[in-house]
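Please open the model in a viewer and keep the selection panel at hand.

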Amino acid sequence: MPDEGTREIGRVYAARGPWIDDVMPGDPADEALFESRPIPADAWLAFETSSLCEHMHGLPHEGIIGSYEEFWFKAPQLPALIALLETEGERAPAPARAWLADVARFARRAQGRGVGVTFVVSG
């Protein structure tokens, strides 16, 4: 059995361009339309119980921030998410810090393309 640190429990997705804004990730037939990053189990579990997660709930977003859920930040909502991650990420629990820094970089790239990011947490 893999340890929690290497087990992937979801992915963060961003469309490769704004021309597919109405397509949601998840269908294998549409996989090429998205860039994605893994959500490691240990990072998610540490994040989910942190004050940073509570603060993220206060940002404008769609869906439910939690395990076995999907939530997303549309392109106009990304600046607030990026600012939160960059401001509070270093104070997050140690197992979540590298992942949150990666999510901030990923969100910046999405912002540059004019698209949002979607978190699909399956564990």
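## Stop 1: the paired strands

Strands β1 and β5 pair in the antiparallel sense over five bridges; two strands count as paired if DSSP finds at least two bridges between them. Helices (H or I, at least four residues) and strands (E, at least two) are DSSP runs, numbered from the N terminus. This is a predicted model, in which local features need pLDDT of at least 70 and side-chain atom pairs count only at pLDDT 80 or more, while totals for chains, interfaces and linings use all residues. Residues are numbered from 1 along each chain as its sequence is written, and side-chain values use heavy atoms, with hydrogens and water left out.

Select A14: V117 in β5 stands opposite this residue. Next, display β1 together with β2, which pair in the antiparallel sense over seven bridges. Here A15 has F34, in β2, as its bridge partner. Is β1 enclosed or open? Six of its eight residues are buried, so β1 is largely enclosed by the rest of the structure. Buried means under 20% relative accessible area, exposed over 50%, and partly exposed in between, with a 1.4 Å probe and protein chains only.

## Stop 2: the nonpolar core

Select W44, F47, M56, F73, W99, V117 and F119, the residues with the most contacts inside the largest nonpolar core, which has 38 residues. Such a core is a set of buried Ala, Val, Leu, Ile, Met, Phe, Trp, Tyr and Cys residues joined through side-chain atoms within 4.5 Å. Elements that each supply at least two residues of this core are β1 (8-15), β2, α1 (41-48), α2, β4, α3, α4 and β5. Which element gives the most to this core? That is α4, with eight residues. In soluble globular proteins, nonpolar side chains tend to be buried together.

Centre the view on V117. Leaving aside residues up to four places away in sequence, V117 touches V12, Y13, A14, F71, W72, F73, L78, L81, F106, A107 and A110; contact means heavy atoms within 4.5 Å.

## Stop 3

In α1, select the buried residues A41, A43, W44, A46 and F47. These buried residues of α1 pack against β1, β2, α2, β4, α4 and β5.

Move on to helix α3 (residues 78-88), where L78, L81, I82, L84, L85 and E88 are buried. Why do they lie on the same side of α3? They cover an arc of only 165° around the axis, the arc being that of the directions from the helix axis to the C-beta atoms. The cover over the buried residues of α3 includes α2 (51-57), β4 (70-73), α4 (94-113) and β5 (117-121).

## Stop 4: salt bridges

The structure holds six salt bridges, each defined as a side-chain nitrogen of Lys or Arg within 4 Å of a carboxyl oxygen of Asp or Glu. Side chains of opposite charge can pair when their charged atoms come close.

Select R109 and E35, which form a salt bridge with the closest N and O atoms 2.9 Å apart. This pair links distant parts of the chain, with R109 in helix α4 and E35 in strand β2 (residues 34-40), 74 residues apart. R109 is partly exposed, at a relative accessible area of 36%, whereas E35 is buried, at 17%.

R113 is partly exposed, with a relative accessible area of 23%.

Then select D102 and R105, joined by a salt bridge with the closest N and O atoms 3.6 Å apart. Both lie in helix α4, three residues apart, about one turn of the helix. D102 is buried, with a relative accessible area of 13%, and R105 is partly exposed, with 48%. Salt bridges that share partners join E35, R109 and R113 into one network.

## Stop 5: the loop between β3 and β4

Finally, select I64, found in the loop between β3 (62-63) and β4. Its contacts, not counting residues up to four places away in sequence, are E69, E70 and F71. I64 and F119 are 55 residues apart in sequence and 9.8 Å apart in space, C-alpha to C-alpha.

Y68 lies in the loop between β3 and β4. Its phi is near 60°, a positive value in a residue other than glycine. Is Y68 buried or exposed? Y68 is exposed, with a relative accessible area of 62%.
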